[in-house]
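Reader: I would like to go through this model and ask what stands behind the words used for it. Please show it to me.

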Amino acid sequence: MAETDVSKLVIEDEFLSSDQQDHEQPSTSSTRQTVKRKQSDDDGDDEDSDSNADQYLKDNTHGKVIASHYNTLEEKGIYERTKSKIFYMRNYNNWIKSMLINEFMAKLKEKSWTAPVRVLDIGCGKGGDLLKWSKANITHIICTDLAEVSLEQCEARYKKINSKKDVKKPFTAEFFACDATKTRLRSKYLDPSIELDLVSCQFAFHYCFETLQQAECMLKNASECLRVGGYFIGTIPDANEIMKRRVLSKSEEFGNDVYEISILWETEQPPFFGAKYNFRLDNVVDCPEFLVHFPVLEKLALKFGLKLVMKKRFEEYHDDMIKSGRFLIEKMQSLETYPAFNKHYQAEQTDESYSHAKKYIDNKMKYGNYRRPFRVGTISQSEWEAISIYMVFAFEKIKT
Ligand SMILES: C[S@@+](CC[C@H](N)C(=O)[O-])C[C@H]1O[C@@H](n2cnc3c(N)ncnc32)[C@H](O)[C@@H]1O
């Protein structure tokens with residue numbers, strides 16, 4: 001098991017303010033415990049499925065496998081979602097995406113770019129980020145994804161969000177299904193001469209590193225309509241972290257009860273493109289993915305006028321953002337309360353999974369000014385190990 005520093009994911013209860021309780025569903029109990037968690041306003045994709053491994057072995061066309069995987073994900077009700085082992089991880093990932101979107105929307109404002117703000121979301125899935133875009137006050141969004149069923153759900157979610165009475169400013173949207181690693185997206189836009197301010201590709205960009213051609217097609221799509229000074233932002237697994245964990249585990253299969261990675265490339269060193277591994281995340285993802293060799297990405301991106309301006313592991317991004325994002329991390333229910341009320345931790349987690357939080361409290365009680373035991377907001381060790389595989393990136397479009 002890789003050593004990851006989960007201790008930073010301990011936040012004192014003072015910041016788990018009464019607001020969190022305000023966001024919970026009415027319940028017979030007044031405790032802030034696992035069963036009565038509410039789906040966060042900013043909830044992301046609601047994915048759940050059986051393994052796609054057998055199909056993967058029969059059908060080696062990755063696009064088809066990936067599309068079929070995401071297309072067959074069921075919509076689960078709130079209760080089902082809250083039973084998930086990765087409830088807080090999903091909310092935490094949504095918090096990271098919110099911070100990233102808000103950070104780069106703010107940068108556009110600094111450039112005095114006000115409305116209209118036009119966005120492209122590549123690999124939008126079921127529209128897990130639509131509410132974030134709505135809150136960011138964008139003008140127009142182009143949503144595209146390989147999985148047609150997900151895209152239909154994304155469109156339905158858009159209609160729901162935009163029809164809400166309290167929506168501050170409705171935004172327009174267009175939707176189309178296609179493989180962004182093989183198709184020129186511009187030819188599908190309602191207005192192919194559109195100038196985009198922001199392009200976002202969340203938890204999806206790594207699929208393009210199957211071949212050089214696919215990576216180039218994806219980057220061309222990200223850059224082609226982006227105005228100079230605009231940003232391309234995203235989240236991907238960090239290839240170095242995966243390699244590090246592979247070495248530490250001394251095995252081609254490693255992970256924990258939440259995630260599992262199986263290395264599928266056959267050479268000692270992974271190739272720059274097509275470095276395939278299978279990624280399983282609880283019941284949510286079970287799909288072939290590709291390592292993104294970041295130095296190669298950086299060089300390729302420059303070819304398409306995209307200059308790297310930010311690259312951080314989630315861990316580092318957390319440190320930079322937690323001060324300004326404290327209110328939101330709580331509002332989005334991204335942290336679990338420890339010790340749990342009635343020892344009711346999320347699915348299959350035990351006290352052991354929170355030993356970092358226990359240590360934090362014990363130390364404070366021993367050396368700090370604390371007279372009474374107190375509660376903290378944290379995340380289980382297994383979820384943190386899965387979260388900390390990822391990184392955020394941002395490129396700026398430059399004149400070429
Ligand atoms: C993990 S989901 C992320 C969804 C969404 N971006 C989010 O953050 O909630 C990955 C998405 O990428 C999409 N995807 C994978 N390969 C793609 C491709 N070649 N072109 C377009 N979308 C793709 C999948 O269909 C899936 O919806």
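Author: Begin with a term: two residues are in contact if their C-beta atoms, placed from the backbone, lie within 7 Å. Leaving aside neighbours within four places in sequence, Val 292 is in contact with Phe 205, His 206, Phe 209, Ile 236, Ala 239 and Leu 297. The model is a predicted one.

Reader: Where does Val 292 lie, and why does Val 292 count as buried?

Author: Val 292 lies in the loop between β10 (285-290) and α10. A residue is buried if 20 or more other C-beta atoms lie within 10 Å of its own. Val 292 has 24 C-beta neighbours inside 10 Å, so Val 292 counts as buried.

Reader: How many residues apart in sequence are Val 292 and Ile 236, and how far apart are they in space?

Author: They are 56 residues apart in sequence, and 8.0 Å apart in space from C-alpha to C-alpha. The contact between them is judged on C-beta atoms, with the cut-off of 7 Å. Over the protein chain, 78% of the contacts with a separation of 6 or more are between residues 24 or more positions apart.

Reader: What makes strand β5 largely enclosed?

Author: Strand β5 covers residues 196-202, and seven of the seven residues are buried, so β5 is largely enclosed by the rest of the structure. For the protein chain, buried residues make up 43% of the 400 residues.

Reader: How do you know that β5 pairs with β2 and with β6?

Author: Two strands pair if DSSP finds at least two bridges between them. Three bridges join β2 (residues 118-122) to β5, and these strands run parallel. Asp 121 has Ser 200 of β5 as its bridge partner. Between β5 and β6 (residues 226-237) there are six bridges, also in the parallel sense. Here Leu 196 has Leu 226 of β6 as its bridge partner. The chain passes from β5 through helix α8 (residues 212-224) to β6, and this β-α-β crossover is right-handed.

Reader: How do you know that the span of α8 agrees with what it should be?

Author: At 1.5 Å a residue, the 13 residues of α8 should span 18 Å; the end C-alpha atoms are 18 Å apart, which agrees. The buried residues of α8 include Met 218, Leu 219 and Ala 222. Among the elements that the buried residues of α8 pack against are β2, β5, β6 and β14 (390-397).

Reader: What span should α5 have, and how far apart are its end C-alpha atoms?

Author: Helix α5 covers residues 87-110, and its 24 residues should span 34 Å at 1.5 Å a residue; the end C-alpha atoms are 35 Å apart, which agrees. The helix α5 is mostly covered, with 17 of its 24 residues buried.

Reader: What joins β7 to β8, and how many residues lie between them?

Author: Three bridges join β7 (residues 253-255) to β8 (residues 259-263), and the two run antiparallel. They form a hairpin with three residues between them. Gly 255 has Glu 260 of β8 as its bridge partner. β8 also pairs with β9 (residues 276-281), in the antiparallel sense, over five bridges.

Reader: Which residues are closest to the ligand?

Author: The ligand is surrounded by 22 residues, and the closest are Gly 123, Gly 125, Gly 128, Gln 202 and Ala 204. By class, the shell has ten nonpolar, eight polar and four charged residues. Helix α3 (residues 62-71) gives the most to this shell, with four residues.

Terms used:
Residues numbered from 1 in each chain as written. Predicted model: local features only at pLDDT ≥ 70, side-chain atom pairs only at ≥ 80, totals over all residues. Expected span 1.5 Å × (residues − 1). Buried ≥ 20, exposed ≤ 12 C-beta atoms within 10 Å, placed from the backbone. Right-handed = clockwise from strand over helix to strand, strands pointing away. Near = placed C-beta within 6 Å. Nonpolar A, V, L, I, M, F, W, Y, C, P; charged D, E, K, R; others polar.
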